[in-house]
Amino acid sequence: MATISNKVFYELVGTPLKNYRWSWGAVRPDNSVMLTCWNEKRRKINGKTYALILWSDKAIEAWPESNQKSPGMAERRHHAEMITQGAKTYIRLVKGEAGVIDDVNDRGDVFIGGDVFIDEDGAMLVALDGRMPIRKLKI
């Protein structure tokens with residue numbers, strides 16, 4: 001799969017972003033959550049691979065105040081809350097510098113989110129429990 005912007009990716013799967021500049025996820029019409037996460041922030045925990053969904057409060061507090069209170073952070077917290085309440089989750093892993101995305105995925109699919117794990121610092125991670133072809137996500 002060629003590298004595509006977040007905006008184009010979310011439109012492709014029928015889940016437009018609220019704002020293509022600061023959104024890194026969206027709620028789909030079926031109330032599932034689609035998130036973009038950084039490949040470099042994956043972790044192995046008890047033999048499972050997890051994606052970082054939300055940084056710890058301590059890490060967020062170390063950021064500039066404008067980032068702590070950004071609409072994107074508020075939206076991500078909302079998505080994290082939906083996931084903890086049982087919303088089905090899909091994850092697009094990407095790599096690259098902030099603002100410049102390089103897709104990790106070369107098969108044209110996304111990861112299916114599984115168990116939620118909160119680490120010792122309070123960061124939230126979601127298990128990567130398989131893959132799903134992007135074409136099946138279109139609504």
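Student: Does Asn6 count as buried or exposed, and at what relative accessibility?
Tutor: This is a predicted model in which residues are numbered from 1 along each chain as its sequence is written, and side-chain values use heavy atoms, with hydrogens and water left out. Local features need pLDDT of at least 70 and side-chain atom pairs count only at pLDDT 80 or more, whereas totals for chains, interfaces and linings use all residues. Asn6 lies in helix H1 (residues 6-12), helices being DSSP runs of H or I of at least four residues and strands runs of E of at least two, numbered from the N terminus. Because buried means under 20% relative accessible area, exposed over 50% and partly exposed in between, with a 1.4 Å probe and protein chains only, Asn6 counts as buried, at 7%.

Student: In which helix is His79 found, and which residues does His79 touch beyond four places away in sequence?
Tutor: His79 is found in helix H4, which spans residues 71-84, and His79 counts as buried because its relative accessibility is 2%. With contact taken as heavy atoms within 4.5 Å, and residues up to four places away in sequence not counted, His79 touches Gly25, Ala26, Val27, Val33 and Leu35.

Student: In which sense do E7 and strand E8 pair, and over how many bridges?
Tutor: Two strands pair if DSSP finds at least two bridges between them. E7 and E8 form a hairpin with 5 residues between them, and Gly122 in the turn has a positive phi of about 100°. Within this pairing Val116 stands opposite Val126 in E8, and the sense is antiparallel, over 7 bridges.

Student: Which residue in E7 does Tyr90 stand opposite?
Tutor: Strand E5 (residues 89-95) and strand E7 (residues 109-118) pair in the antiparallel sense over 2 bridges. In E7, the residue opposite Tyr90 is Ile112.
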